Amino acid sequence: MSEKKLQSIRGIHDGLPAEVARWQRVEQAARRVFGCYAFSEVRMPVLEPTELFVRSIGEATDIVSKEMYAFTDQGGDQICLRPEGTAGAVRAWLQGGLTRSGTQRWYYIGPMFRRERPQKGRLRQFQQIGVEMFSAAGPIEDAEVLAMAHAFLSELGIPGLNIEINSLGCGACRPGYREKLTSYLQQRAGKLCETCNERIVRNPMRVLDCKVQSCQQELTDAPEMVAHLCDGCDDHFTGVQKGLDALAIPYRVNPRIVRGLDYYNRTAFEIVTDKLGSQGTVLAGGRYDGLVQELGGPATPAIGFAAGLERLAMLLDDVPLATPDVAVVVLGEEALGYSLAQADVMRKAGLSVVHCGGGSAKRQFKVADRELVRFVVAVGEDEMQAGVVTLKEMQNGQQQRLPVSEVVTVIKGQLL
RNA sequence: GUGGACGUAGUUCAAUGGUAGAGCCCCGGCUUGUGGUGCCGGUUGUUGUGGGUUCGAAUCCCAUCGUCCACCCCA
């Protein structure tokens, strides 16, 4: 008869202050850098019609077929928690009537939901920082989006990240390549692992980045998309690389990069680290020129990427929690009201202040100590009579009596 | 979804079938207008949960929940 322990759902974690401090650092870097590239923040719903993802991501993908939190609501509508951001962004862009508003540059930060088996760096509710650029066709835009991603991660100062790019071709050249690859794979099917044999049918390009060594040995001379691009895609891919070279952005062409979601074409990229085990992809994206039309809009080229906020946060050094500027200690009950008033004056002047709550001086100074404040303002009956406060600097124990207005000046000066 | 490791105090970890412990943290005192270092004292657990084996289970067995790791997939 013991009650079930009340706890969060599996794979869905809390963001406590120490964790949120790390998230905020990542978010601040994103906002600053994306702002420099003239991207605007958008906020989209977490709930969307299930149909949206079935049509955009592809019914056969794992995300849609088994990882969505989908349900029927009380009105009988098919609803789901969004598993990714791009489809909703396209929906919002269409619904907002922005198809003729020129290039739209968007970014968003928010939770996504996938019912996977949790692991480090893989949660059922996780946050993505996403970027979408609509009505942008050229390789220049691709290079700039890549440059923006690079600038964002550089701002965070995470070492050991590598940019890998590839071209996935388009409707004109991919089918032919796919056929060639499939027949190549079928000839070797006997020597490939079991999962690869399933992939040959479901998603042959996935075979190329199989982690099994014996598979990789078998695939050394496998045909690659980059060698089978049509002229248009080839020019585009060359253009992207020229742009990156001009910006001196380090990258590596990895012909084996594949996209999980159906809607990608041409440029695909990933930024990876080796410090997160098998969840090493920290940012990924690419071009999706066909998606808007797929969802009922006018043919519109677009490109975007998404970064995993928790994964990036894990790569950060410890982020110190903000500490208050001052702690207020009150000595004797008579001065309680006076102490509250002094705290109020300092807060209105912009300082961060904690009141130690009265009681014994010893207890209050311990409280102040634990708050890691640099200064304590102590007030008792003496100070109240004189209309001053005692300012103590905790590091060296020095203290002096001053009017509270001067305390503000001193602290603000020292905090600079 | 598949395979594996793990789960003991707020926390980090001991206790290999025989009375559940230690460090840190926390609270109080030495010191009722002064913190950190010191000394003294104190609180803390249905050993994740539920069953089973046993005279006796943190320890062995089963189930379940959760974390972690790999696969799958992906940010």
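An unreviewed UniProt entry lists Glu 84, Gly 85, Thr 86, Arg 114, Gln 128, Glu 132, Arg 259, Tyr 263 and Tyr 264 under "binding site"; UniProt positions are given in the numbering used here, feature names are shortened, and annotations may be inferred rather than shown by experiment. The model is predicted, so local features need pLDDT of at least 70 and side-chain atom pairs count only at pLDDT 80 or more, while totals for chains, interfaces and linings use all residues. Residues are numbered from 1 along each chain as its sequence is written, chains are lettered from A and ligands numbered from 1 in the order in which they are written, and side-chain values use heavy atoms, with hydrogens and water left out.

**Listed binding-site residues**

- Gln 128 is placed in strand β6; helices (H or I, at least four residues) and strands (E, at least two) are DSSP runs, numbered from the N terminus.
- Gln 128 is buried because its relative accessible area is 11%, where buried means under 20%, exposed over 50% and partly exposed in between (1.4 Å probe, protein chains only).
- Beyond its neighbours within four places in sequence, Gln 128 is in contact with residues including Glu 84, Gly 85 and Arg 114, contact meaning heavy atoms within 4.5 Å.
- Tyr 264 sits in the loop between β8 (252–253) and β9 (265–272), and its relative accessibility of 10% makes it buried.
- With neighbours within four places in sequence set aside, Tyr 264 is in contact with Leu 168, Arg 174, Arg 259, Gly 285, Gly 286, Arg 287 and Tyr 288.

**Second largest pocket**

- The second largest pocket holds about 270 Å³ of space; grid points are joined across faces, edges and corners, and a volume is the space filled by probe spheres set on the points.
- On a 1 Å grid over the protein atoms alone, a cavity is a set of points where a 1.4 Å probe fits but cannot get out, whereas a pocket is an open set with protein on both sides within 12 Å along at least five of seven lines; lining residues have an atom within 4 Å of a point.
- Its lining comprises 14 residues, and His 13, Glu 19, Trp 23, Leu 123 and Glu 310 lie nearest the centre of the pocket.
- Two or more lining residues come from each of α1 (17–36), β6 (125–134) and α12 (309–314), and β6 gives the most, with three.
- By class, the lining has four nonpolar, five polar and five charged residues (Ala, Val, Leu, Ile, Met, Phe, Trp, Tyr, Cys and Pro count as nonpolar, Asp, Glu, Lys and Arg as charged, and the others, Gly among them, as polar).

- Gln 279, in the loop between β9 and β10 (281–287), is buried at 9% relative accessible area.
- The side chains of Gln 279 and Gln 119 are joined by a polar contact of 3.1 Å, that is, a pair of N or O atoms within 3.5 Å; within protein, one must be able to donate a hydrogen and the other to accept it, and residues adjacent in sequence count only if both atoms are side-chain atoms.
- Pro 111 belongs to strand β5 (residues 104–113) and is partly exposed at 22%.

**Positive phi values**

- Ala 38, in the loop between α1 and β1 (40–41), has a phi near 65°, a positive value in a residue other than glycine.
- Ser 135, in the loop between β6 and α5 (139–156), has a positive phi of about 60° although it is not a glycine.
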